[in-house]
Every structure is written in C-alpha cells, then in structure tokens.
Amino acid sequence: MKPLLGGLLLVGLSGLFLGTMGLSASAEVNQAIRDSAPHGIRLHNIFETANFDGNSAQVSPAPADSDQADIVNITQKQYQLGAIWSKPNFKFDLKKDAKASMWLYFGDRGINAGDGMALVLHNSKDGINARGNDGEALGVWGKDTDNSNPQSVADSAIDKSWALEFDTHGNIEQKFNDAYDFRGPTGMHIAENYPGDSASYVPHGYTDFPLPWFIPTTRYYYSLTHKQSIQNLYLANGQWHHLSLQWEAPKNGSREGSMTYTFDDKDPKTGRIKTNAPQRTAKIDCDKFHSADDKVYWGFTGATGDSYEQAYVIFEGVPDVVDARATLNLKNLTTKQDIKDGAQVTTGDKLQYEYDLKYLSGQQAWSKIQADLPLDAHFKFESGVLTYADGHTQEVTAADIQSNHLKFKFSDDLSINNTRATLTLTGVAENAQPDTVVTVQQVNQAFRGLNQIISVDAPDFHISGQRLVHLLLTGDQISSHQDIERRHNALITGRLFYRLGKWENKAADQITIKLNNQLLTIPDQLKWSWDDSATGNSGKFNLVVPWHYLHNGDNQLSLSVTDQTAQRSNEVHVTMTVPRGALTLSKVATQSAFQPVAVNGQPQHHIGRQADWQVVVDDERGTGSRWQLQAHATQPVDSHQRPLNVDVVFNNGLQDQSLIRDNVIVMDHEATTDDDEQHIAAQWAPKQGVLLNVSSGAVPGDYQTTIHWTLNDVPTTE
C-alpha cells in the first residue's frame with residue numbers, strides 16, 4: 001500500500017466502559033449495512049475524535065425511534081486515517097477487572113481490503129490527540145523510514161501504549177514502509193504488542209545501488225513482532241465479527257495484567273455463542289504506560305492506503321457505565337425439573353421462563369430496557385409478570401407478543417436504587433403430532449437498554465408428542481419421603497407408564513439412579529426388579545437400596561428410566577431419612593488381669609495386661625461426632641481389704657497418669673464413619689494403656705481393683 005498522509009484514526013475500545021460518543025461529526029452508514037448490523041448500544045459522551053487534520057473517525061447515530069445501535073465509522077475510502085479516544089472520565093482503569101464486547105466490520109473487499117484497525121490502550125503525552133502513522137502502521141505503530149535504529153521507529157508510534165491489531169492487508173514487500181508482516185502471521189490476522197517499544201520492531205538490512213552513481217548503500221526495512229497472533233482469518237468478508245475482551249488486573253503486587261481476546265465468538269444473525277472461537281491472552285506490563293493512577297486512554301485506530309475498506313465498530317457493552325447480569329432458569333412445572341440443553345418435555349407440560357436481571361454497578365442507570373425475546377412457536381404463552389426489587393410489577397400479556405416475538409419495555413430503569421428485576425413467562429409445551437419429537441431453539445434472546453445489552457442463552461430442548469415414558473412413585477407422586485430404620489434396606493416402588501403405547505418388560509431399559517449425588521448401578525450396587533404381572537401401558541418396579549449406602553440423616557435419591565426407543569422419563573425424587581444412632585460403651589470385660597508379679601523388695605513399673613482386656617466404644621451418631629472415654633480405678637486390696645502398695649496408671653506413650661488419684665482421659669476420638677467402632681484395649685501397645693506400677697514395699701497376695709469407665713459426648717471440633 002502507499003503511505004497515507006495526514007492524521008491517525010483511533011476508535012474507542014468497546015467493552016470496558018460504556019457510553020455514547022461525543023463526536024464532532026457524524027456519518028451516514030450504508031442502509032444495507034445498518035440493516036444487517038447486530039444490536040448494540042447508544043453512545044453518550046464517552047469518546048471524542050482526535051484533533052488532527054483529516055481524521056476520518058465519525059459516528060452514525062441510530063434513528064431516535066429505532067432499537068438500532070450507534071455505529072462508529074473508522075475508514076471509508078482510500079488514504080484515510082482515523083482515531084477516536086475515550087474521554088478522561090471514561091479512561092480504562094488498569095487496577096480493575098473488566099469485560100467488554102463489540103462488533104467489528106471490515107467491509108466486503110476481500111483480498112483487496114486494507115489496512116485494518118487497532119484496539120489501543122495508551123497514556124501518550126499527546127493525550128486525547130494521540131496518533132501513530134498511516135498505511136501499514138494502522139494509525140498506532142511507528143513509521144518505517146529506512147533507519148538502522150529501531151528506536152527511531154518506536155519514537156514515531158503512539159508512546160506508552162499497547163495495541164491489538166486487526167490487519168486486513170499483508171505487508172511483506174521487504175522494503176521500507178511495506179514489510180511489517182514480513183515473516184509474520186499469514187493472511188489477515190490479529191496480533192498484539194507495544195507500539196512505543198523498540199523491541200516490537202525488527203530491522204532488516206540490505207545493499208542497494210541507487211542512481212546515478214550505483215554506489216553500494218546499506219538500507220533498512222522493518223517487520224513487526226506479532227505476539228499472540230491469530231492468523232488466516234477472513235476479516236473483509238462483508239460480515240460482522242464479534243470481539244470479547246476480558247481484562248484481569250494485576251494481583252498480589254504484580255504489575256502484569258492480562259487481556260484475553262476472543263474473536264468471532266458470537267453469531268451475528270442468531271446472537272448465539274459459538275464454540276471453539278479462537279482466543280488468545282496477552283500479558284501486559286502496566287509499567288509500560290507510566291500512569292500514576294493506572295488509568296489510560298483507550299480507543300480504536302485505523303488506516304487505508306491504495307487498498308481500503310469500510311471499517312465500523314458497534315459497541316455492545318461497556319461495563320464501567322453499566323455492569324449488569326441476566327440469567328435464565330427454564331423449568332418444567334409439571335415434572336418440577338429444570339430444563340437444560342437436550343432435555344425432553346411432553347406436550348401439555350407447563351413451562352416457566354424466569355429471567356433474572358441484576359444491576360451490579362455503574363456510572364449510569366441501565367435505561368430504557370426492552371426484553372427482546374423470540375419465542376418458539378411450540379411454546380403457548382399463558383401469562384407473564386415483570387417484578388422489580390422495589391415491589392413494582394408490570395403485567396405481560398399476549399398482545400405484547402407478535403409473531404412469536406416478545407418485545408416488552410420496562411417502565412423502570414435498573415440502578416443502584418432498584419437493582420433487580422425478574423421477568424416470568426408461563427405457558428404450555430405444544431406438539432400436536434403423536435409419536436414425534438420437535439426441537440425448540442430460541443435464539444437472539446437479549447435485554448437491550450440504551451447503554452447496555454445483555455444476551456441470554458436459552459437451552460435447546462425437545463417436546464415429545466403424547467407417547468412419552470413417564471415415571472411415578474407409589475401413589476402417583478414424583479417425590480416422596482421415607483423414614484428408614486437403622487441397618488434396614490430401603491424399598492422404593494412405583495410404576496412406569498406410557499401415555500400412548502404399550503409397556504413391555506425389557507431388561508435393556510436404562511435406569512439412572514443417583515444417591516446423594518453419586519451415580520449407582522444395577523445390579524452391582526442396587527437391586528431392581530419389574531413386576532411381571534403388570535400389563536397394558538404400565539409396568540411396576542421395585543428398587544432395593546442396601547442400608548450400607550445410606551448415611552445418618554437425609555439421603556437424596558433421583559431415578560429416571562430411558563426405554564428402548566431412547567425416550568427418557570421424568571425424574572422422581574425420594575428422600576430417605578435414617579435416624580441418628582447412639583453412643584455406647586458396647587463391650588467391657590467384666591474381669592481382666594495384669595501379668596503376675598514376683599515381689600522382690602524392688603519397685604517394678606509398667607506391669608502389662610493379660611489377653612482378657614476388652615473395651616469397645618460404638619458410635620452410630622454419624623461421621624464427625626466426637627467422644628471421650630475416661631477411666632478411674634479404686635485402690636487395689638486383698639480379700640481382707642488390705643491395700644496393696646501399688647498404683648494403677650494410664651500411659652499415653654509419654655507419661656504415666658494415676659487412675660487412682662485422677663479421672664484420666666484414655667481416648668478422645670472423632671468418628672470417621674456413620675458406624676464407628678473402636679476396640680480401645682486392643683489398640684494399646686504392651687507398655688502403654690492401663691498398667692500396674694508396684695512399689696518396693698508391696699506384700700505378696702491376690703489383689704483386686706475396680707476400674708470405672710466413663711463415656712462422654714463432647715462438642716465436635718470446628
């Protein structure tokens with residue numbers, strides 16, 4: 001391309017702070033392009049055009065009475081340069097996480113297009129009037145001027161900046177001012193780097209023999225270092241391309257943030273998220289901006305040369321103006337189940353769409369909101385209501401739906417003073433053809449305000465005709481509760497039936513059972529049987545859940561069946577409650593003995609136990625319950641009640657504690673299962689546990705002591 005004389009054009013980085021542009025000029029956009037444009041926001045006082053001669057950046061405002069977006073025009077013709085920057089109040093705050101989204105249009109000239117646009121963050125000394133260079137520099141990079149010093153190129157770029165370029169024209173001529181893509185990404189591409197950093201430019205020297213004397217002369221051209229590139233794109237194809245940005249601010253004292261950019265991640269016609277969209281993450285050194293408050297200008301630049309393109313931007317969301325969320329919960333009220341992607345409902349089932357809108361923060365209220373919700377023809381609307389956080393409601397009627405499309409205007413804005421609104425639509429699933437399944441696909445669902453648009457992904461689901469396998473518990477319920485005795489199996493019964501058609505006992509039916517969110521199988525873990533006496537369109541079943549799969553308290557079981565024709569039943573839910581057990585000293589030997597001692601006039605310590613000691617604690621109260629066992633012994637005496645000069649002690653491996661003088665804790669334990677049994681005496685080492693210490697003055701004889709065991713329930717540790 002030829003170099004472009006004049007100024008540089010930057011267009012505002014959409015998606016980090018929202019508003020409407022305060023621009024000095026406006027441009028009319030081709031009506032066909034406007035008609036095909038995706039939805040976006042109105043721009044108000046957040047951008048302004050850079051003040052240099054020939055700046056081609058303009059904005060085409062949407063018609064006041066339409067739901068169309070303002071469109072930013074970067075370039076239209078040959079040899080143009082444009083720049084547009086955020087106003088100071090809407091600088092990009094590097095200290096805050098942020099998201100942004102926008103639509104980009106690069107014209108329809110294919111390989112003849114040029115040169116592209118760049119998304120730029122900067123803290124240039126030129127402020128709102130910052131500009132780079134023309135042609136291959138896209139209004140942001142430095143000028144390649146046949147110089148051996150890369151710094152001379154960087155000095156002519158927008159200083160203290162970072163750029164994400166969208167390049168529609170390959171510059172690979174190996175001559176100055178036309179080689180930035182030499183040895184770089186192939187085809188149209190996206191890439192990033194620092195325009196004001198000399199390391200972004202790679203010099204290439206060659207020998208020339210200029211006229212008139214043909215004296216050998218070393219000359220230079222430069223290529224760009226393209227970081228985190230996405231190549232071989234078809235940008236100038238007459239289509240709008242969606243761009244999502246996510247900024248993650250530096251954390252934990254670091255100065256490095258990251259900008260994740262995802263390209264072509266939304267369908268411009270349906271508004272649906274596209275999977276496997278190309279994505280890259282740029283690591284950005286915030287010190288490159290030299291900003292005392294970590295706030296920088298942001299915007300777009302673009303340029304054309306011999307090749308040109310119609311370059312447009314539509315902003316979809318700028319979070320610092322309005323940060324809001326919208327979610328959808330779709331529920332089958334008949335079966336009391338949430339409807340997810342791929343779910344199946346039955347004609348006649350009652351459905352409920354619940355859209356939850358939340359205003360989180362922002363410099364502006366989310367204003368003039370309209371629910372723009374295409375509805376599938378197989379959903380028969382019955383009623384609707386919009387409820388605000390302050391209690392105000394609006395009724396939605398059938399008159400608000402035209403050609404299966406709900407367009408409903410909110411009477412109230414959402415703001416810090418009225419942060420939430422819930423739109424509830426209720427209706428019935430319809431499929432009039434028995435033995436058929438129709439798929440419901442609802443696209444382009446969104447809530448559109450003047451300064452924020454939030455899309456909602458509705459799940460794809462299926463509506464079956466009348467022949468649907470249906471599952472019910474005994475009593476024709478879809479949920480039930482059972483109290484189960486400890487160590488007893490649970491029995492669950494019910495029936496499977498077809499609204500049309502005949503039930504057949506087929507062992508290949510797939511039965512899906514979850515107990516406490518764990519998938520269990522038949523027959524390895526659970527026992528399932530059909531009642532062979534069942535006939536007609538209904539089959540009875542019995543499900544046995546062994547007791548050892550049940551824990552103390554409530555156990556949640558869900559059950560569904562998929563038959564031979566891949567028809568899946570609804571889920572049924574059973575709550576099984578097992579009572580909390582007791583804490584008991586279940587086994588204590590009535591008589592136990594120490595090892596015999598030969599009295600020799602010398603003290604003897606740690607006389608061990610014989611094998612007949614038994615102390616067992618059984619805790620059936622559940623995992624995490626805690627207890628302490630204490631022991632106290634009487635003074636050993638002979639048959640004439642004469643005391644023995646000995647001490648009964650408990651040794652914990654570190655020291656002896658007298659059971660005669662004190663009530664000693666011999667074990668402190670927290671249960672690790674619902675049926676926790678501890679054989680305490682069996683856990684003692686030979687020289688630990690309850691032992692006998694004999695003094696030098698002991699007299700031979702048979703002596704007895706009584707050990708009192710005390711079991712205490714103690715609070716669970718946090």
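The largest cavity is lined by I484, E485, R486, R487, H488, W547, L550, N552, V578 and D675. The model is predicted. About 80 Å³ of space lies in this cavity. Its lining divides into four nonpolar, two polar and four charged residues.

**Cavities**

How many cavities of 30 Å³ or more are there? The count comes to three.

A371 has F447 of β30 as its bridge partner.

Another open sheet has six strands. The order here is β20-β19-β22-β28-β24-β25, again with antiparallel pairing. Its edge strands are β20 (337-338) and β25 (393-396), and each pairs on one side only. Strand β19 (residues 323-332) runs antiparallel to β20, and two bridges join them. N332 stands opposite Q337 in β20.

Strand β45 spans residues 626-633. Is it largely enclosed or left open? Seven of its eight residues are buried, so β45 is largely enclosed by the rest of the structure. Strand β7, at residues 98-105, also has seven of eight residues buried, so β7 is largely enclosed by the rest of the structure.

The table gives the bridges and one facing pair for each.

| Strand | Partner (residues) | Bridges | Facing pair |
|---|---|---|---|
| β45 | β48 (664-670) | six | Q630 opposite I665 |
| β45 | β51 (707-714) | eight | R626 opposite V714 |
| β7 | β14 (240-248) | eight | K99 opposite Q246 |
| β7 | β18 (311-317) | five | Y105 opposite Y312 |

For β45, then, the partners are β48 and β51. For β7, they are β14 and β18.

**S658**

S658 lies in strand β47, which covers residues 656-658. Is S658 buried or exposed? Its relative accessibility is 4%. Buried means under 20%, so S658 counts as buried.

What does the side chain of S658 reach? A polar contact of 2.9 Å joins it to the side chain of D647. A polar atom of the S658 side chain also lies 3.2 Å from the backbone nitrogen of R661. Beyond residues up to four places away in sequence, S658 touches D647, V648, V649 and V664.

**E571**

Where is E571 found? It is in the loop between β40 (553-562) and β41 (572-578). The side chains of E571 and H573 are joined by a polar contact of 3.5 Å. Leaving aside neighbours within four places in sequence, E571 is in contact with Q337, I478, S558, L559 and S560. One of these, Q337, is the residue of β20 that stands opposite N332.

E571 can also be placed against a residue elsewhere in the chain. E571 and Q228 are 343 residues apart in sequence. In space, the two are 47 Å apart, C-alpha to C-alpha.

Conventions: Residues numbered from 1 in each chain as written. Predicted model: local features only at pLDDT ≥ 70, side-chain atom pairs only at ≥ 80, totals over all residues. Heavy atoms only, no water. Helix = DSSP H or I, 4+ residues; strand = E, 2+ residues; numbered from the N terminus. Buried < 20%, exposed > 50% of the residue type's maximum accessible area, 1.4 Å probe, protein only. Polar contact = N/O pair within 3.5 Å; in protein donor to acceptor, adjacent residues only side chain to side chain. Contact = heavy atoms within 4.5 Å. Pairing = 2+ DSSP bridges. 1 Å grid on protein atoms, 1.4 Å probe; cavity = no way out; pocket = protein on both sides within 12 Å on 5 of 7 lines; lining within 4 Å. Points joined across faces, edges and corners; volume = space filled by probe spheres on them. Nonpolar A, V, L, I, M, F, W, Y, C, P; charged D, E, K, R; others polar.
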